[in-house]
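These are my notebook entries on two chains and where they meet.

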Amino acid sequence: MGTSYTPPTNPDWWREPIERTEIWWIVLAFAWCLFMFGWMVGWHFVGPQNMSNEAYKTTPEAFSKKVADMQAKYTVRKDEATGEDVVAPPPGSDVYLAAMQWQYRPILELQKGQKYRLHMSSLDVGHGFSLQPENINFQVYPGYEQVTTITPNKTGIFAIACGEYCGGVDAMGHHTMLGRIYVKE
Amino acid sequence: MATTTMSDFRIDPVSGLKIHKTANTLVKWNAFAAVVFLLVGGLFGVGVALTRMPSVQLLSPELFYMALTAHGLVNLMVWIIFFEMAVLYFLGAHVLGNRLATPRWAWAQFWLMLVGAALVAVAVLAPLWGGAPSSVMMTSYPPLQAQPHFYLGLILFAVGALIGCFVFLGTLVIAKREKTYNGSLPLVVFGGVTATVIAVYTIVSGALILIPTFLWSVGLISHIDPMMYRVVWWGFGHSSQQINVVTHISIWYLIASLVFGAKPMSEKVSRGAFLLYILFLQLGSVHHLLSDPGLSSTWKIFNTSYMLYLAVLASMIHGLTVPGAIEVAQRRKGLDTGLFTWLRKAPWGNPIFSGMFLSLVGFGFIGGVTGVVMSVEQINMVIHNTMYLPGHFHGTLVVGTTMAFMAVTYWLIPVVFQRKIALAGMAKWQPYIFSLGAWVFSIALMGAGTLGVQRRHADITFAGQPLAYEYPEIAKGLMDLGEIFGVVMAVGAIMYILVVLASIFAGEKIPEGSAPWPKVEDADVVAERTGKHHVGMWGMEAPGTFILAMILFATIVLYYFINFKYLSTIWGLS
């Protein structure tokens with residue numbers, strides 16, 4: 001007797017036994033829940049792809065200066081498509097990448113299999129770092145500098161699209177925002 | 001204390017419920033406003049869909065960002081919350097045979113929400129008449145800034161909804177005091193309480209962040225920290241979607257009883273699962289913050305997993321107990337053969353049932369499976385802010401919530417509006433067309449997102465950019481395919497709106513005092529009469545449902561590891 005829209009017919013419903021279909025499902029589902037929790041924690045110890053926990057407060061001015069210093073030191077050539085500097089910091093070094101309306105700069109050149117400490121921050125509004133075609137995505141904010149250790153494992157030309165809506169007009173805006181990373185052997 | 005007399009009530013011939021006329025008027029107005037906003041938001045959605053088709057690109061970027069802001073706000077917030085207000089008043093008053101508390105405050109709820117929505121609309125649509133834009137998307141992340149009345153409208157809308165929550169709670173107090181029911185609250189009302197608790201938390205979070213942001217937009221506050229905004233805003237943005245989940249699950253339980261005379265398999269299990277929602281569901285707002293700087297992995301993992309996935313457990317429980325209740329009822333009524341006879345012989349031509357069941361299956365397999373996987377801290381890195389996101393949340397909000405709301409509408413119209421469903425043939429097909437569109441749309445967009453296509457993006461071809469990038473052809477094909485089915489989904493929505501408008505304005509009237517409609521027989525009563533006490537097989541009362549649940553389980557496990565396999569091939573990140 002009873003429905004879901006009338007009060008339970010048995011006032012002592014809390015003591016009713018649970019039917020077997022439900023018991024089995026709850027046990028199985030809960031075991032899977034615990035597994036997923038453990039796996040997510042465990043991947044931090046054994047998995048090679050994890051979120052960095054390193055971040056600092058910064059300002060657009062301070063961050064721009066770091067980018068400019070790196071660019072002055074490590075520019076190696078001009079990019080064919082844009083004529084802009086291509087910056088190739090040495091393996092293991094700190095690499096600074098600035099997001100701004102509506103581009104990621106500077107253009108970087110990295111080596112496959114080497115580690116780099118990639119610092120990212122925004123000079124104006126919120127942006128998203130979206131490395132294509134790897135499809136690696138992070139949020140980038142003004143005032144926050146996130147440091148992720150990256151190890152490119154493929155060579156080629158990688159685009160950085162913007163993953164967070166950042167305004168703009170028809171000719172120029174979120175939909176035209178790009179950056180580039182070259183990875184060589 | 002206001003006194004009510006019998007003349008304030010009517011006995012509804014369709015449902016047998018004792019209905020408070022004032023409460024009924026408020027349910028009507030809120031539901032009607034919801035449907036109008038569904039239409040408005042849906043039209044912007046079509047504009048978005050036709051722009052995101054790489055081969056069409058209908059709107060210019062500026063108009064696209066405006067339409068996307070409008071579509072998100074109207075369909076995610078306005079349509080759903082107006083409908084939820086109708087559902088809450090229905091649960092507190094109609095279901096309990098009770099009067100609505102403080103009707104004047106309930107009207108304040110309605111008008112505040114309406115004025116708030118109108119203010120937001122004026123702000124967002126201003127570019128159409130040459131005004132300053134507020135195309136900041138539904139999320140309105142600072143430092144992007146909208147016009148002040150954009151935030152003010154949202155605040156008024158939220159205050160209205162908060163008032164509605166308290167009217168509902170007050171209504172429950174009256175029911176308890178005037179003893180309109182005995183014992184514990186019915187399960188669906190318990191679900192309504194769960195939704196309300198989450199709603200209060202949600203709206204307070206919204207107020208905490210939108211009020212300072214409004215002050216910032218008028219120049220009284222100099223700076224809103226973008227990270228702080230996101231942390232608090234998602235307490236509002238994500239939790240508001242949890243209200244939907246709880247509400248549509250309550251509707252599933254309701255429809256199972258209405259159509260099959262089913263009772264919950266176990267009151268204890270279903271209520272326990274709702275309780276897990278109250279305790280843990282809101283932690284999920286961190287799903288949006290997983291790739292943000294400055295938040296530790298410990299904090300992210302604890303929250304993104306809803307503490308050991310206890311809210312996921314709750315959803316998995318409801319996913320079994322709702323079809324399980326239907327199966328047990330069908331078996332008790334004699335369909336106790338084979339594994340799936342109960343399901344095959346269900347009334348698939350009745351849109352109340354078909355809509356509810358499509359909502360259940362689609363929510364589990366599309367919204368649910370992907371939601372569990374994408375909220376893993378590491379997996380999030382390869383889907384965050386791609387088209388996968390819109391794919392996923394259309395799999396929850398459209399495939400799940402909106403379909404369930406549509407299904408229950410076909411029952412609410414005779415009960416609340418006292419009209420028979422007009423265009424019944426169209427109503428019969430509507431859940432199938434709408435679900436077909438929404439399912440393919442969601443899946444195709446998730447495919448495109450997996451291939452890197454970014455969300456909220458007016459031109460994925462990056463036309464004319466010196467640093468060109470071309471997405472794989474298959475990604476563009478998936479966008480075309482998905483958005484075509486987006487249009488199919490819109491056709492399904494328009495069918496729904498047509499049925500609703502035709503029914504409430506031109507449907508055959510059901511006069512007060514007409515003969516009661518035949519009610520679906522309680523499955524237990526039938527079992528009592530026929531002596532069918534033990535049903536099912538393998539010692540399980542719902543073995544068919546268990547098999548369906550195992551298919552869901554296998555899908556989650558498989559999909560989980562496929563995504564980790566994909567993750568393991570990308571650049572090293574630490």
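I took axes as lines fitted to C-alpha atoms, for helices over the stretch in contact, with angles running from 0 to 180 degrees between N-to-C directions. Helices (H or I, at least four residues) and strands (E, at least two) are DSSP runs, numbered from the N terminus. The model is predicted, so local features need pLDDT of at least 70 and side-chain atom pairs count only at pLDDT 80 or more, while totals for chains, interfaces and linings use all residues. Residues are numbered from 1 along each chain as its sequence is written, and chains are lettered from A and ligands numbered from 1 in the order in which they are written.

Entry 1, helix pair. I looked up helix 3 (residues 103–125) and helix 4 (residues 148–177) of chain B, whose axes come within 7 Å and cross at roughly 160°. Helix 3 of chain B is therefore roughly antiparallel to helix 4 of chain B (angles over 145 degrees count as such).

Entry 2, chain contact. I counted residues as in contact if their C-beta atoms, placed from the backbone, lie within 7 Å. Chain B gives 82 residues and chain A 81 residues. On the side of chain B that touches chain A, helix 9 of chain B gives the most, with nine residues.

A:Thr151 stands opposite B:Gly572, which lies in strand 3 of chain B.

Methods
Two strands pair if DSSP finds at least two bridges between them. Angles under 35 degrees count as roughly parallel, over 145 as roughly antiparallel, 65 to 115 as roughly perpendicular and the rest as oblique.
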